[in-house]
Amino acid sequence: MQEIDGEGSLEIRLLKRRDIEFGMELKGLAGWNQTRSDWERLLRLQPRGCFLAKLNGEKVGTVTTLSYGEVGWVGMLLVHPAKRRKGVGTALLRRGIKHLRSRGVEVIKLDATPEGRKMYKRLGFVDEYMVCRYRSELGKVREAVKKDDLTRREIKIRPISEKELGEIVFFDEKTLGVSRGNVLRELVRENGGYCLCTRDGQNLLGYIMARAGSGAWQVGPLVAQDFESAGGLLREVVKRVPQEEEFVVVDVPSPNLGANSLVKNESFKVERRFHRMSLGSDGYIEDLGKIFAISGPEKG
Ligand SMILES: CC(C)(COP(=O)(O)OP(=O)(O)OC[C@H]1O[C@@H](n2cnc3c(N)ncnc32)[C@H](O)[C@@H]1OP(=O)(O)O)[C@@H](O)C(=O)NCCC(=O)NCCS
């Protein structure tokens with residue numbers, strides 16, 4: 001428990017399953033796309049790394065963390081609009097950082113909104129690059145994909161099998177520099193039919209995962225050796241999105257120019273931008289030329 005000047009007492013405790021409803025309310029107020037399943041997954045993966053803030057006994061904010069070995073991730077940093085600018089966000093962020101450090105994490109990363117960026121800077125985070133959130137209507141993407149299919153070479157794509165999962169995790173690790181096997185395994189378990197890969201004989205060429213969001217179907221991660229494979233995977237996953245969905249979103253790192261032109265070609269338009277930021281000595285290198293889409297701002 002800590003006292004905040006003129007505001008009362010702030011308690012930060014572990015976030016529990018019973019707090020998810022409150023988390024959903026906060027993310028709804030912020031207009032974010034996560035679902036209850038996203039919160040549940042974060043809690044399953046890092047049960048001691050997700051926190052809730054209470055100001056004078058009232059729930060006011062949340063933060064989640066994930067650790068990928070030496071690299072950690074901060075997400076779902078949300079404070080109720082009526083309780084902002086009182087130090088709650090900073091206290092939650094500090095708690096998340098402390099937890100990740102206690103797990104041996106050296107580099108902490110996040111995708112910052114413009115509101116959060118100033119606070120992260122104050123705590124020492126630095127900008128790396130931009131991540132663009134692209135959005136389109138499902139009908140429009142399907143039209144664009146149909147047209148594209150007429151001119152493209154057919155690529156064999158199929159759902160990721162249980163047997164291939166280890167290979168996918170290794171392929172992803174070679175690209176990212178850290179293993180996020182914990183998240184990838186969960187995503188495949190939950191959304192098997194929307195987790196696809198393509199290969200050339202023995203060689204894996206790329207994979208894609210997609211899942212339902214609260215306002216739009218979320219595509220990503222998409223990691224591929226080359227533009228052709230990435231395009232084939234994107235087009236195939238879009239064809240599989242349930243007909244009743246209205247929108248599709250995909251978060252693309254700006255430095256991957258091919259990825260940006262790929263999604264634009266399939267009718268996506270930039271909706272918003274995040275700043276990829278990091279804290280700590282950045283000793284590892286990710287191969288951004290192969291990262292066509294991240295899995296989401298709350299988990300990289
Ligand atoms: C970003 C967010 C979490 C910040 O939460 P917050 O509780 O307002 O954060 P803090 O109060 O610690 O800091 C915000 C500002 O208030 C100031 N502040 C803190 N305590 C204060 C006080 N007692 N009196 C006046 N100002 C105060 C801080 O200095 C900071 O100022 P700055 O933006 O000029 O640096 C909140 O705005 C939010 O939920 N936004 C929507 C979701 C979002 O974008 N999350 C970030 C995702 S990356």
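This briefing describes a predicted model, taking its domains, its ligand shell and some backbone features in turn. Because the model is predicted, local features need pLDDT of at least 70 and side-chain atom pairs count only at pLDDT 80 or more, while totals for chains, interfaces and linings use all residues. Residues are numbered from 1 along each chain as its sequence is written.

**Domains**

- The domain assignment of the chain gives domain 1 (2-105) and domain 2 (131-293), and such bounds come from an automatic or database domain assignment.
- The centres of the two domains, taken over C-alpha atoms, are separated by 27 Å.
- To the contact between them, domain 1 gives 12 residues and domain 2 gives 15 residues, where two residues are in contact if their C-beta atoms, placed from the backbone, lie within 7 Å.
- On the side of domain 1 that touches domain 2, helix H2 (36-45) and strand E4 (58-68) are the elements that give two or more residues, and H2 gives the most, with 4 residues.
- Helices (H or I, at least four residues) and strands (E, at least two) are DSSP runs, numbered from the N terminus.
- That side of domain 1 has 4 nonpolar, 5 polar and 3 charged residues, where Ala, Val, Leu, Ile, Met, Phe, Trp, Tyr, Cys and Pro count as nonpolar, Asp, Glu, Lys and Arg as charged, and the others, Gly among them, as polar.

**Shell around the ligand**

- Of the 19 residues around the ligand, those that come nearest are Arg84, Gly89, Thr90, Thr113 and Gly116; a residue is near a molecule if its C-beta atom, placed from the backbone, lies within 6 Å of it.
- At least two residues of this shell come from each of strand E5 (71-79), helix H3 (88-102), strand E6 (107-112) and helix H4 (114-122), with H4 supplying the largest share, 5 residues.
- Sorted by class, the shell holds 8 nonpolar, 5 polar and 6 charged residues.

**Backbone features**

- Most residues other than glycine have a negative phi, and most peptide bonds are trans.
- Asparagine 56, in the loop between strand E3 (51-55) and E4, has a positive phi near 50°, and this residue is exposed (12 or fewer other C-beta atoms, placed from the backbone, within 10 Å of its own), with 12 such atoms.
- Serine 267, in the loop between helix H9 (257-265) and strand E13 (269-279), has a positive phi of about 85°, and serine 267 is buried (20 or more such atoms), with 21 other C-beta atoms within 10 Å.
- A cis peptide bond, with omega about 10°, joins glycine 220 and proline 221, and proline 221 is found in strand E11 (residues 217-224).
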